[in-house]
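Let's take a look at a protein model together. Have the sequence and the 3D view open as you read.

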Amino acid sequence: MSNSTQGSASSSVGFSTGDKRPDHLLVLVHGILASPNDWIYTEAELKRRLGSNFLIYASSSNSFIKTFEGIDVAGRRLAAEVENVVEENFGLTKISFLAHSLGGLFTRYAIAVLYSSDDLTMGKNVTLQGAETDDSKETLRSGLIAGLEPINFITLATPHLGVRGNKQLPFLLGVEMLEKLAPPLAPLLVGRTGRQLFLTDEKPGKRSLLLRMTSDCEDNEYISALAAFKNRAVYANVSYDHMVGWRTSSIRRETELIQPSRQSLDGYKHVVGVEYCPAVSSDGPHFPSEAARAKEAAQTVPTAQNIDKYHHIMEEEMIRGLQRVSWKKVDVSFHDAPWPFSAHNNIHVKTEWLHNAGASIISHVVDSIKQHEYRSTIFANL
């Protein structure tokens with residue numbers, strides 16, 4: 001009997017008496033102008049290799065032009081969809097997310113909507129620095145997502161820092177004039193989502209959504225929701241990704257980018273590096289008066305200097321917020337693939353016959369999920 005689900009929550013698979021019910025929900029979230037069909041190959045691989053303990057669900061609530069309506073709108077839709085799946089599938093105890101591109105931002109918003117403090121850990125000294133490190137030590141985390149234990153939060157080529165700034169949107173080729181024209185044109189092409197990605201949403205005196213999503217706010221506890229996961233991983237294309245730059249997808253500063261290796265890891269072709277980044281203590285992101293002035297200048301007089309100043313401030317603050325939790329950063333390079341310029345779609349094997357260079361990336365993702373599933377089972381039995 002199949003334990004994979006695709007489309008709306010109403011299409012969830014039922015289980016007859018005697019069947020073993022899956023206890024781990026794995027939600028797949030597609031990117032901009034896409035649909036659950038983007039996950040056909042990956043869903044089949046996950047089902048084949050993870051086994052009957054997992055319920056694989058490809059989200060469909062934000063298909064195609066619905067991705068233009070705003071990260072917050074799409075995030076709330078995704079959250080409602082996940083709640084429906086959980087309600088319709090008795091026996092689920094754990095939850096994970098695998099998201100591609102813009103879907104990673106939808107997921108970050110959705111998990112904050114779905115987040116609740118775990119009563120069993122209330123009052124204990126739980127830090128946001130809960131970390132997976134290269135020696136696999138774990139620290140206590142608090143919180144549930146949709147009432148389930150959060151295990152894996154994994155993104156593939158997601159613009160975590162937005163797309164504003166030099167070469168963050170690679171198809172603009174770093175050309176100053178094109179990068180100057182992109183922010184005002186983005187809302188015309190991709191609606192509210194475009195303004196949010198270029199950090200031009202909200203009035204000058206208010207923080208943009210992506211900056212708010214790097215801290216705990218009055219509306220949602222964004223960073224606490226991320227911290228609740230046992231494993232957080234970002235997969236980033238180091239080159240040939242025409243949609244999302246290396247810096248924004250790997251949550252790094254320009255100075256933290258080093259020359260990538262051209263040699264793949266054993267057994268994982270095109271995976272050229274894995275870095276374990278422990279949490280960095282910080283008082284969190286801020287929106288100082290300098291940032292408000294820079295935002296107003298960038299919106300009213302969009303010169304290269306004004307735009308660069310505003311983006312530099314925002315990028316640093318977003319990184320400071322996101323680095324308060326640990327990350328595993330996986331660098332990917334399709335430089336020797338038959339179709340390297342399809343890197344953005346290769347990384348999640350959008351179409352198997354065309355983008356199958358990314359099969360090894362999916363294999364790496366699956367092995368990571370299996371590792372944490374095994375570890376979670378061991379800890380549960382202690």
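## Ground rules

This is a predicted model, so local features need pLDDT of at least 70 and side-chain atom pairs count only at pLDDT 80 or more, while totals for chains, interfaces and linings use all residues. Residues are numbered from 1 along each chain as its sequence is written, and side-chain values use heavy atoms, leaving out hydrogens and water.

## The whole chain

The protein chain has twelve helices and ten strands (DSSP runs numbered from the N terminus: H or I of at least four residues for helices, E of at least two for strands). Of its 382 residues, 57% count as buried, meaning under 20% relative accessible area with a 1.4 Å probe, protein chains only.

Now for contacts, which are heavy atoms within 4.5 Å. Among those between residues at least 6 apart in sequence, 77% join residues at least 24 apart.

## Two crossing helices

Two packed helices are described by the angle between their axes and the distance between the axes. For helix α8 (residues 289–300) and helix α9 (residues 304–322), the axes come within 8 Å and cross at roughly 140°. Axes here are lines fitted to C-alpha atoms over the stretch in contact, with angles from 0 to 180 degrees between N-to-C directions.

Which residues meet? On the α8 side they include Ala291 and Ala294, and on the α9 side Ile307 and Tyr310 are among them.

## A spot on the loop

Phe64 sits in the loop between β3 (54–58) and α2 (71–88). Phe64 is partly exposed, with a relative accessible area of 44%, a value between the 20% and 50% cut-offs.
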